[in-house]
Amino acid sequence: MSTQTLTIGKALNLGLRRVMEDDAKVMLMGEDIGRLGGVFRITDGLQKDFGEDRVVDTPLAEAGILGTAVGLAMRGYRPVCEIQFDGFVFPAYNQIVTQVAKIHARSRGKLAMPIVIRIPFGGGIGAVEHHSESPEAYFGHTPGLKVVAVSNPVDAYWGIQQAIAHPDPIVFLEPKRRYWDKAEVDTAATPDPLFASRVVRGGDDVTVLAYGPMVKTVLQAAEAAAEEGRSLEVVDLRTLSPLDLDPVVESVRRTGRCVMVHEAPVTLGLGAEIAARITEECFHSLEAPVLRVGGYDTPYPPSKLEEEYLPDLDRVLDAVDRSLEY
Amino acid sequence: MSVSSATEVVDPVPGAGAPHLPRQPDLVQLLTPEGERVEHPDYAIDLDDQQLRELYRDLVLVRRWDVEATALQRQGELGIWASLLGQEAAQVGAGRALQPGDTAFPTYREHGVAWTRGVDPLHVISLFRGVDNGGWDPVATGFNLYTVVIGAQCLHATGYAMGVQRDGSETAVLAFLGDGATSQGEVNEAMIWAASFSAPVVFFCQNNQYAISVPLERQSRVPLYQRAAGFGFPGVRVDGNDVLAVLAVTRAALVAARDGQGPTFIEAFTYRMGAHTTSDDPTRYRLASELEEWKLRDPIARVKAYLSRSGTADQDFFDAVEAEADELAVRIRRGTTEMPDPPGTAMFDQVYAEQTPHLAAQQAQFEAYQASFGEASE
């Protein structure tokens, strides 16, 4: 009875509803999230049921959303801020990096910042500029923040609840092009911890790492590789800051090979950090250098070019081949 | 506009004759620079003798603290100090307008407000000495931590006020900012939000005429208090060197906020008599004559003149306050020079409410590295 088929979008909606029922201090804030239910309808119906004081249609000002969330958090509230699209988080960047991330330390723990910043991220929806960005490295680079990315409805349902309950500020990345992907969600299950990576497919030849929208791409690549007799182990990183590399290290020590896949530009992206850490932890097991598949170091291109820009099944397999050739 | 227009002398109305000081009736004033009590049609104040003497004591002690801190910086005991010299009345007046349950969101210069909230001067000094990034308990004092990014605290104050509103609490929030901050997008966003949600917040702008070196003309073509009209709430300009007027105007705005009437913008017209910070050299951008003019409007001298002339205080009182100021200076000096450095591991503390395994490992690495020197020297 407790199992339902849910899209990622609906799973987030149900997760938000459940947490709002449990904790009267939880507030949702964002542009168009109330009456409209959000441009992706993630907050659909919540203002009607929880009222305008708890589901706040804000003025069109992202710094304002985060800055007032700081004040509300100081007052004991748990604001969940929706940034409408990834490329619109930058007006709020100052508040996130100079205030949200630092107030707990600055106040020596007297002021908690249990703020969740929900960002639909990544490309693949044929959008105009600033609607397809992958800004995770900016936030992962910032001490004081935590960053997670969900890839499926189960993690969406539980992850949003865990993130809101957590005492630290969390950038919560939602794979916007996968919002409509479906899966069975058992709402009575015991969820995995939020800050843990997960092996989502076992394999022996190459370890492939991904998060958010790229997990599906990599699983498809693993399926195709299997037909050619290559066994890929796939890890969904899930938490980008802090990283949970124990399962990754265990895997790479076994396979000797690692490919990191993300949509963000490769230079100074998450793959760079992971390559460094794997080199430190698995140096004597490596048969090949850690390879990265990611967006090119260009501004996100016009949508007619995004298929060329985004890592896809073939580019993942190409990197797997190169890794195996060492 | 050129800088010269900023130093043009306007009509010599009593107490309003020198550069920058606007003509009446733009300016709410209850005590002239000469120490004469005057009335204003919209703002009144009725303080007993004891309260008047307390305000004088606040002003003197806050100035002494500031002077001592500047001296400590010059002697290498502080990394930097942001002096409030000349702005004592604006800060003491605003701070004393707060009720115990109210909350203040300062910039990094509100030492006078900190004083009125009972924050230990040494806690404020710890920040400027480089011992701490905060320094005091913002919850217990109702005085938030200093915010160095210009104007960012105005949004925090507004959000906090939205929380006050949701809690059904009859308290108010006082957000501090300077004239330069009025150009910041976040400050403008804060005023939009405060207006849209009718949040119980008062924006208290100390217009001290300069953002480091840049005069007001570069920030605004209109008097700052008139900006409020565009946001849809009242704006008022008060003589920021008149502690009585500042107290009266701020009290009224806070009462309105607590009553659900939403925000007010207060422009406290004042002058930064010292440098922006101890790293600054104001002789590069302003005339000595301008400073001399403002010395004539000193915020403390006029209170002393009034107390003496009205017989509210005698020489014994002034001597006692002076002695107390001397004691405070000694305490600040001793407390500063004896203030210990934090342990190296302090930088890892409280980065997160739940420390990450990664950071814990980094801290352990740091501790082992530090300890290795101890072992080597043994």
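Trainee: Which loop holds H130(A)?

Mentor: Keep in mind that this is a predicted model. Phi of H130(A) is near 75°, a positive value in a residue other than glycine. Most residues other than glycine have a negative phi. As for its place, H130(A) sits in the loop between β5 (116-121) and α6 of chain A.

Trainee: What kind of peptide bond joins S241(A) and P242(A)?

Mentor: Start with the place: P242(A) is in the loop between β12 (239-241) and α9 of chain A. Most peptide bonds are trans. Between S241(A) and P242(A), however, omega is about 0°.

Trainee: Which hand does the crossing of α9(A) and α10(A) have, and which residues of α10(A) take part in the contact?

Mentor: α9(A) passes α10(A) in a right-handed crossing. From α9(A), the contact takes V248(A), V249(A), V252(A) and R253(A). By class, the residues of this contact are five nonpolar, no polar and two charged. Their partners in α10(A) are I278(A), E281(A) and C282(A).

Trainee: And how are α3(A) and α4(A) set relative to each other?

Mentor: Helix α3 spans residues 62-74 of chain A and helix α4 spans residues 93-100. Their axes come within 8 Å and cross at roughly 25°. Angles under 35 degrees count as roughly parallel, so α3(A) and α4(A) are roughly parallel.

Trainee: How many charged residues are in the contact of α3(A) with α4(A)?

Mentor: On the α3(A) side are A63(A), L66(A), G67(A) and V70(A). They meet N94(A), Q95(A), I96(A), Q99(A) and V100(A) in α4(A). By class there are five nonpolar and four polar residues, while the number of charged residues is none.

Trainee: How far apart are the centres of the two domains of chain A?

Mentor: The domain assignment gives domain 1 as residues 3-186 and domain 2 as residues 198-325 of chain A. The centres are taken over C-alpha atoms. The separation is 26 Å.

Trainee: Which element gives the largest share of the side of domain 1 of chain A that touches domain 2 of chain A?

Mentor: The contact takes 24 residues from domain 1 of chain A and 22 residues from domain 2 of chain A. On the domain 1 side, α6 (136-140), β6 (146-149) and β7 (170-175) each supply at least two residues. That side divides into nine nonpolar, eight polar and seven charged residues. The largest share, four residues, comes from β6(A).

Trainee: What does UniProt place at residues 6-181 of chain A?

Mentor: Over residues 6-181 the chain is 36% helix and 18% strand. The end C-alpha atoms of this span are 8 Å apart. The name comes from an unreviewed UniProt entry, which lists "domain: Transketolase-like pyrimidine-binding".

Trainee: Moving to chain B, how far apart are the centres of its two domains?

Mentor: Chain B is divided into domain 1 (3-337) and domain 2 (345-377). With centres taken over C-alpha atoms, the separation is 41 Å.

Trainee: Which helix gives the most to the side of chain B that touches chain A?

Mentor: The contact takes 33 residues from chain B and 34 residues from chain A. Four helices of chain B each supply at least two residues to its side: α6 (138-141), α7 (152-167), α8 (185-196) and α14 (357-377). The chain B side divides into 17 nonpolar, 11 polar and five charged residues. With 11 residues, the helix that gives the most is α7(B).

Trainee: How are α7(B) and α8(B) set relative to each other?

Mentor: Their axes are 7 Å apart, and α7(B) and α8(B) pack at an angle of about 15°. α7(B) passes α8(B) in a left-handed crossing. Given that angle, α7(B) and α8(B) are roughly parallel.

How values were computed:
Residues are numbered from 1 along each chain as its sequence is written. Chains are lettered from A and ligands numbered from 1 in the order in which they are written. This is a predicted model: local features need pLDDT of at least 70, side-chain atom pairs count only at pLDDT 80 or more; totals for chains, interfaces and linings use all residues. UniProt positions are given in the numbering used here, feature names are shortened, and annotations may be inferred rather than shown by experiment. Two residues are in contact if their C-beta atoms, placed from the backbone, lie within 7 Å. Ala, Val, Leu, Ile, Met, Phe, Trp, Tyr, Cys and Pro count as nonpolar, Asp, Glu, Lys and Arg as charged, and the others, Gly among them, as polar. A crossing is left-handed if the near helix is turned anticlockwise from the far one by less than a right angle, and right-handed if clockwise. Domain bounds come from an automatic or database domain assignment. Axes are lines fitted to C-alpha atoms, for helices over the stretch in contact, and angles run from 0 to 180 degrees between N-to-C directions. Angles under 35 degrees count as roughly parallel, over 145 as roughly antiparallel, 65 to 115 as roughly perpendicular and the rest as oblique.
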